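Reader: Could you walk me through this structure, taking it slowly and spelling out the terms as they come up?

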Amino acid sequence: WRRSIVDSVIVASSATLIAVVLGTLAAVGCWRISSRLSETIRFLMLAPIIVPSIVHALGFYQAWVQLGLIDSYPGMIVAHAMKGLPYVVISVSAVLANFDLKLEQAARNLGATVTQALWRVVVPVIRPGILAGAVFAFITSWDELVVTMFISARRVYTLPRKIWDGIQDNISPSVAAMATVLILITLAGIVLHLRF
């Protein structure tokens with residue numbers, strides 16, 4: 001179980017970091033362009049939510065076999081990052097929809113470069129959207145089973161795969177114990193969030 005938990009943490013954390021960076025850049029870029037092209041790009045970014053997981057799994061499998069990424073950390077991380085990307089784009093785009101462009105223009109008029117205005121004005125305002133997207137991307141990666149079963153075997157052995165194999169091979173009390181631990185961790189996180 002420890003190895004599965006460590007693998008899940010490595011894959012989910014790395015995939016979340018990639019999804020947050022790329023998703024935020026995509027959302028900000030589409031917001032700045034604000035044209036029919038940006039709407040098309042946004043729609044294409046939502047494809048991992050719209051298309052069923054089994055279709056992703058088959059697509060990833062065919063592509064990863066040719067690239068030699070089957071049953072590897074980079075292959076799992078990239079696949080999970082692509083699954084989490086739409087959640088970041090949606091949450092950051094929702095915050096940017098209410099962003100007042102005059103704030104960025106004021107920063108630029110006061111001598112800030114484009115990069116400075118982005119980091120000191122835009123990013124602090126969209127931080128709640130970035131954090132919300134990161135949470136959803138992490139949960140999506142942590143819980144992903146279908147894609148994991150297609151593109152990993154034994155080298156990368158995440159927790160959902162371990163639980164699935166435990167249910168398929170034999171009903172073991174350890175699977176129920178792990179599920180209970182995950183529920184307790186989730187409840188503790190909710191209580192801490194509500195408390196603070």
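Author: Let me start with a term: contact means heavy atoms within 4.5 Å. This is a predicted model, where local features need pLDDT of at least 70 and side-chain atom pairs count only at pLDDT 80 or more, while totals for chains, interfaces and linings use all residues. Residues are numbered from 1 along each chain as its sequence is written, and side-chain values use heavy atoms, with hydrogens and water left out.

Reader: Which residues is glutamate 144 in contact with, neighbours within four places in sequence aside?
Author: Those are His80, Lys83 and Pro160. Glutamate 144 itself is found in the loop between H7 and helix H8 (146–151), helices being DSSP runs of H or I with at least four residues and strands being runs of E with at least two, numbered from the N terminus.

Reader: And is glutamate 144 buried or exposed?
Author: It counts as buried because its relative accessibility is 8%; buried means under 20% relative accessible area, exposed over 50%, and partly exposed in between, using a 1.4 Å probe and protein chains only.

Reader: What about glutamate 104, where is that one?
Author: Glutamate 104 lies in helix H6 (residues 101–109), and with a relative accessible area of 8% it is buried. Setting aside neighbours within four places in sequence, glutamate 104 is in contact with Trp31, Arg32, Phe99, Ala117, Val121 and Val122.

Reader: Switching topic, how many residues has the largest nonpolar core?
Author: It has 18 residues, and those with the most contacts inside it are Val88, Val92, Leu96, Phe99 and Ile126. A nonpolar core here is a set of buried Ala, Val, Leu, Ile, Met, Phe, Trp, Tyr and Cys residues joined through side-chain atoms within 4.5 Å.

Reader: Which helices each supply at least two residues of it?
Author: Helix H1 (2–33), helix H5 (73–97) and helix H7 (114–143) do, and the largest share, seven residues, comes from H7. A second, separate core of 12 residues includes Val11, Ala57, Met76 and Ala79.

Reader: Finally, how many helices and strands does the protein chain have?
Author: There are 10 helices and zero strands. Of the 196 residues in the protein chain, 36% are buried, and the C-alpha trace spans about 65 × 45 × 25 Å along its principal axes.
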